[in-house]
Amino acid sequence: MSLDPGVPAPDDRRSPLHEEHVALGAALVPFAGWLMPLRYTSDLAEHTATRTAAGLFDLSHMGEIAVTGPGAGAALDAALVGNLGGLRVHGARYTMLCAEDGGVLDDLVVYRTGAQEYLVVANAANHAVVLAALTERAAAWAASAAGGATGTAAVTVTDRTDATALVAVQGPRALDVLRATAGLAEPADAGGAVTAAGATALGTGGEAGTAGGLAADGPLATLRYYACLPVTFAGRPVLAARTGYTGEDGFELFLDAADARALWRALLAAGAPLGLVPAGLAARDSLRLEAGMPLYGHELDTTTTPFEAGLGRVVRLDKTDGEGRPVPFVGRAALAARAGSAPARVLVGLQGLGRRAAREGHPVHAGEAPDAPRVGTVTSGAPSPTLGHPVAMAYVTPEVSGAGTALAVDVRGRREPVRVVPLPFYRRPR
Amino acid sequence: MTAELPADLHYTAEHEWLRDGEPATFGITAVAADALGDVVYLELPAVGDTVTAGAVVGEIESTKSVSELYSPVTGTVVEVNTAAVDDPSVVNGDPYGAGWLLRVDVEATGDLLTAEQYAAQNAG
C-alpha cells in the first residue's frame, strides 16, 4: 500500500488548543493551512461517540469575521445571497457568498450577535476569500446610494479569526455536557437583547451569572436550533450557538483564544463520565457526510451554484430593503436566471450496495454494464459507520437523479452497484 | 508517531511486513494501519490465486481512505485471514499478529527492507 501522509509545513498555523491535542496524542495533519487533529484514538470510536453520547471538536481553524455598524445588515444583504437584515438578534442563518456568475465562493453560517453586529463564520480554506469579498462588498455598498444614506462609516468588517477559538460539543448528550461543566453560566440578562454598548469583541454581552450552572429549563437548555446566546465561562464571555455539522443536537462555543484551553479541559472533565470524547477531522467528515451536509471543495465550488447543490432555498431573490424595494446582491442576475431553469446536474445521495466505497472523483455510470454511459461524478464518499454500508454524494444528470434509480460507480476500475437515495442518509432520532 | 517494528520481520517500501516460513505470512505494518485509521473492509485474493511481488493483490479500506495492498512475494495464496475479513479492526489492533492478511507459498521474493531500513524510509 502507499501512504499519503500530508506533511506538516513549518508555517502551518496552530490552534489555541494545539497543546491539548498534543497531550491527548492526536494525529495532527495539515488542513487548510492549519495543523489540526485528524483523530485522537479511532475515527470510528469518535464518530460513534458523537452519535450516541457526544464529541468535542476543535474548530478554531474556521474563519470568524465580525461585520458591525448601523449598515451591517444591509451590507450583508448586498454581499450574500441570504436575507441577513431580516435575521432576528441571536438568530443564525446558513447562507452563501457567491460570485457574479452565481458560483459559490463559500458557504457560511452568519450569527446576528446584536442589533448592529454579525459574526460570519467561514471555512478555513476560504477565509481569505471571504474576508476580502466582504470587505470589498461592504465598501461598495457603503459607497452606493443605499449606503450613502447612512454614511461611509456605517459598516466595518473585522477579522477575528486569530483572536477567536471555536469549540463544538455535538451529540445527544451535548446539553448534558454543558450543564455538567463547571464555570459555564448564563448571564443574568440572558434572553434580553444585546445592546451595542454592552457587546464585547465577540458580541457577547451581559454580566456573569450569579448562581452558576445552567438550569434545566434555562435559556441555553431551551435555545432553539440555529440560534445563539451569550453565556460566560469563568466569568469570561462565550457565544453559545445551537449549530453544528454532524446531524446531531449540539452547540458551538466561540470564545477568546486565551480562554480556550480552560474551557476545553472543563468540558472534557465534565463530559467524560457522560461519554464525551475528543473527535478529529476524520469523524467530522464522516458525520457530516451521513448527515448529507455539503463540504466546500467537494459538493460546492466556484463552478457550482446553490441550485445544483439542492440549496436554492438559501438564495433570497425576494429580499427587500426597509422600503420594500428589491435588494441587489452580488450574483443576483445569474442566480435569478438559474432559479427559472432546470439545472444540468443535481446533487444526489448514493447508497452502495456492495462493500467497496465510492470516493471523491469516481465516475458515476448509468449501470454496471461496461457500455453504460457516464452520468456524473462522486463528490464525497465513505463507508458509513452508522449505517454499515457505503454512502456517497454525487452530481448526476437530472434524468437519473430520482430516488431508487439504479446506477454504478467506477471504483478503481470496477463498477460497484449503487442506488439513488434521498439525503440525508442519517437523521437523528428525536 | 512511533509504531512498533518487529526486528524479525521483512518490510516493503509500500508498508507491508513479511514473516519467513513455509508458507510465508504477510500483512500491513502498524505505520500503515495508524495512517489509514480504522480499517472497515478488506478485499483479498482467494486461496489458490497467484500473487506477484510488487503487484496489487487487494484493497484496505478505512472510513477515511482506501489503499491498495501490494504483495511482497511471488507465489500462491494458501490461506486468507477470514477472521480479519470478518472483523477488520484486528488489522489496527494487532497488525503483526491476529491482523495478518495472507499466507503464501513463496516462489520468489520482491525488494525487501529490514526493520531499520523501513524505519529510515518512514523518517525520511
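The model is predicted, so local features need pLDDT of at least 70 and side-chain atom pairs count only at pLDDT 80 or more, while totals for chains, interfaces and linings use all residues; side-chain values use heavy atoms, with hydrogens and water left out. Residues are numbered from 1 along each chain as its sequence is written, chains are lettered from A, and ligands are numbered from 1 in the order in which they are written.

**View 1. A:E20 and A:R265 form a salt bridge in chain A.**
The N to O distance is 2.9 Å. A salt bridge here is a side-chain nitrogen of Lys or Arg within 4 Å of a carboxyl oxygen of Asp or Glu. A:E20 sits in helix α1 (residues 18–23) and A:R265 in helix α7 (residues 260–271) of chain A, so the pair ties together parts 245 residues apart in sequence. Helices (H or I, at least four residues) and strands (E, at least two) are DSSP runs, numbered from the N terminus.

**View 2. A:R288 and A:D285 pair within helix α8 of chain A.**
Their salt bridge spans 2.9 Å, N to O. The two residues are three apart in the helix (residues 281–290), which means a separation of about one helical turn. A:R288 counts as buried, at 1% relative accessibility. A:D285 counts as partly exposed, at 25%.

**View 3. A:R39 and A:D43 form a buried salt bridge.**
N and O lie 2.5 Å apart. Both residues are buried. Over all chains, the whole structure holds 26 salt bridges.

**View 4. Chain B meets chain A.**
The contact (heavy atoms within 4.5 Å) takes 26 residues from chain B and 20 residues from chain A. The two chains bury about 1,900 Å² between them, 52% of it on carbon and sulfur atoms. Buried area is the accessible area (1.4 Å probe) that two parts lose on being put together, summed over both. On the chain B side, B:D38, B:T63 and B:K64 lose the most area to chain A, together 31% of what that side buries.

**View 5. Six salt bridges join chain B and chain A.**
In one of them, B:E59 pairs with A:R412, the closest N and O atoms being 2.8 Å apart. The elements of chain B that give two or more residues to the side touching chain A are α1 (30–36), β4 (39–43), β6 (56–62) and β7 (66–70). A network of salt bridges links A:R356, A:R412, A:R414, A:E416, B:E43 and B:E59.

**View 6. Chain B has four helices and nine strands.**
Along the sequence they follow the pattern β-β-β-α-β-β-β-β-β-α-α-β-α. The C-alpha trace spans about 35 × 30 × 20 Å along its principal axes. Buried residues make up 47% of the 124 residues in chain B.

Key: Buried < 20%, exposed > 50% of the residue type's maximum accessible area, 1.4 Å probe, protein only.
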